[in-house]
Amino acid sequence: MNIQKSIDAQLSSGNKNTGFTASQIYYSTYQVSKLTSHLELHPKDYSSQLGLWKLLGKRRRLLTYLSNANTGLYVKVLKKLGIRGLKGKDVS
């Protein structure tokens with residue numbers, strides 16, 4: 001669970017709740033980077049591709065929820081992770 005500790009340390013609010021939307025987004029971003037590096041080595045691994053697509057969809061839904069519920073935290077999470085915002089959501 002070293003990964004979970006590093007994710008919790010990155011959260012500025014110090015919220016250790018794994019059900020917290022921001023921590024779920026952090027963890028799914030870590031999983032996306034792990035799967036992406038795996039797929040660079042194994043480009044024909046279609047099962048992992050399907051898992052990556054599902055994970056990206058889940059992260060997108062979490063980001064949509066966070067942008068509607070707490071815009072300030074949404075912007076902070078995007079900047080911290082260095083990921084793009086949602087299409088049509090022009091929040092600066």
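The following legends describe close-up views of a predicted model. Local features require pLDDT of at least 70 and side-chain atom pairs count only at pLDDT 80 or more, while totals for chains, interfaces and linings use all residues. Residues are numbered from 1 along each chain as its sequence is written, and side-chain values use heavy atoms, with hydrogens and water left out.

View 1. Helices are DSSP runs of H or I with at least four residues, numbered from the N terminus. The buried residues of α2 are T21, A22, S23, I25, Y26, S28, T29, V32 and L39. Buried means under 20% relative accessible area, exposed over 50%, and partly exposed in between, with a 1.4 Å probe and protein chains only.

**View 2. The largest nonpolar core.** This core consists of 12 residues: A22, I25, Y26, L62, L63, L66, L73, Y74, V75, V77, L78 and L86. Helices α2, α3 and α4 (71–81) each contribute at least two of its residues, and α4 provides the largest share, five residues. A nonpolar core is a set of buried Ala, Val, Leu, Ile, Met, Phe, Trp, Tyr and Cys residues joined through side-chain atoms within 4.5 Å.

View 3. L56 lies in helix α3 (residues 46–69) and counts as partly exposed because its relative accessibility is 31%. S28 is 28 residues from L56 in sequence, yet their C-alpha atoms are 8.0 Å apart in space. L56 also lines the largest pocket, together with G57, R59, R60, L63, I83, R84, G85, L86 and K87. A pocket is an open set of points on a 1 Å grid over the protein atoms alone where a 1.4 Å probe fits, with protein on both sides within 12 Å along at least five of seven lines; lining residues have an atom within 4 Å of a point. The volume of the largest pocket is about 300 Å³, a volume being the space filled by probe spheres set on the points, which are joined across faces, edges and corners.

**View 4. The second largest pocket.** This pocket has a volume of about 180 Å³. Of its 10 lining residues, S23, Q24, Y27, S28 and K58 are the closest to its centre. Helix α2 gives the most to the lining, with five residues.
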